[in-house]
Amino acid sequence: MKHYLLVESYPSHPERLEEFNKWYDEVHIPEVVALDGFVGATRLSPADADGGPSVTLYELEGDPLVAKANVHAAAAAKQLNMSDSLSYGPIPKMRIMEVKSEYSKSSR
């Protein structure tokens, strides 16, 4: 089975969005993907006026619970360079997602 770790997060303030994006793309994602159990990442941002969270899909390999635990352990050990441009109110949501199906025009 293919799994992703889906993370929803927000900048600490709208005025810090550029700083948040730069930190997330240049610091946070490379640090997380370097952990055991992670293969790559895709980050999505709201493209409509309604806004919403930044969503990151981390592609996982092996046991997804171990990969998620590796993130928590790295954060607790201060091995991840966190930024105060990341909001902790609301706290980032992390969910393991399992691919149930994939579809593309070429698979018809």
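Is Arg16 buried, partly exposed or exposed, and what is its relative accessible area? In the structure considered here, which is a predicted model, Arg16 is partly exposed, with a relative accessible area of 23%. The cut-off for a buried residue is under 20% and that for an exposed residue is over 50%, so Arg16, at 23%, falls in between.

The protein chain comprises 108 residues, of which 31% count as buried. Its secondary structure consists of 2 helices and 4 strands, and the order of these elements from the N terminus on is β-α-β-β-α-β. The C-alpha trace spans about 45 × 40 × 20 Å along its principal axes. Among contacts between residues at least 6 apart in sequence, 69% join residues at least 24 apart.

In soluble globular proteins, nonpolar side chains tend to be buried together. In the present model, the largest nonpolar core has 16 residues. Those with the most contacts inside this core are Leu5, Tyr24, Val32, Phe38, Tyr58, Leu60 and Val71. At least two core residues are supplied by each of strand E1 (3-9), helix H1 (17-33), strand E3 (54-60) and helix H2 (64-76). The most is given by H1, with 5 residues. When residues up to four places away in sequence are not counted, Phe38 touches Leu5, Val32, Val33, Tyr58, Glu59, Leu60, Ala67 and Val71.

A further residue of interest, Phe20, lies in helix H1. Phe20 has a relative accessible area of 1% and is therefore buried, the cut-off being under 20%. The C-alpha atom of Phe20 is separated by 8.4 Å from that of Tyr10, a residue 10 residues apart from Phe20 along the chain. With residues up to four places away in sequence left out, Phe20 touches Ser9, Tyr10, Pro11, Arg43, Ser54, Ser85 and Leu86.

The largest pocket holds about 330 Å³ of space. It is lined by 18 residues, of which His28, Val71, Met82, Pro92 and Met94 are the closest to its centre. Two or more lining residues come from each of the elements E1, H1 and H2, and the largest share, 4 residues, comes from H1. By class, the lining of the largest pocket contains 15 nonpolar and 3 polar residues, with no charged residues.

The lining of the second largest pocket is made up of 7 nonpolar, 6 polar and 1 charged residues.

Turning to charged side chains, the count of salt bridges comes to 7. One of them joins Lys2 and Glu102, with an N to O distance of 3.4 Å. This pair links distant parts of the chain, 100 residues apart: Lys2 lies in the segment before E1, and Glu102 in the segment after strand E4 (93-98). Lys2 has a relative accessibility of 30% and counts as partly exposed, whereas Glu102, at 58%, counts as exposed.

A second salt bridge involves Arg16, the residue with which this account opened. Arg16 pairs with Glu19, and their closest N and O atoms are 2.8 Å apart. Glu19 is partly exposed, with a relative accessible area of 39%. Both residues belong to a network of salt bridges in which Arg16, Glu19 and Asp84 are linked.

Another salt bridge is formed by Lys100 and Glu98, the closest N and O atoms being 2.7 Å apart. Within this pair, Lys100 is exposed, with a relative accessible area of 70%, while Glu98 is partly exposed, with a relative accessible area of 35%.

Terms used: Residues numbered from 1 in each chain as written. Predicted model: local features only at pLDDT ≥ 70, side-chain atom pairs only at ≥ 80, totals over all residues. Heavy atoms only, no water. Core = buried A, V, L, I, M, F, W, Y, C linked by side-chain atoms within 4.5 Å. Buried < 20%, exposed > 50% of the residue type's maximum accessible area, 1.4 Å probe, protein only. Contact = heavy atoms within 4.5 Å. 1 Å grid on protein atoms, 1.4 Å probe; cavity = no way out; pocket = protein on both sides within 12 Å on 5 of 7 lines; lining within 4 Å. Points joined across faces, edges and corners; volume = space filled by probe spheres on them. Nonpolar A, V, L, I, M, F, W, Y, C, P; charged D, E, K, R; others polar. Salt bridge = Lys/Arg side-chain N within 4 Å of Asp/Glu carboxyl O.
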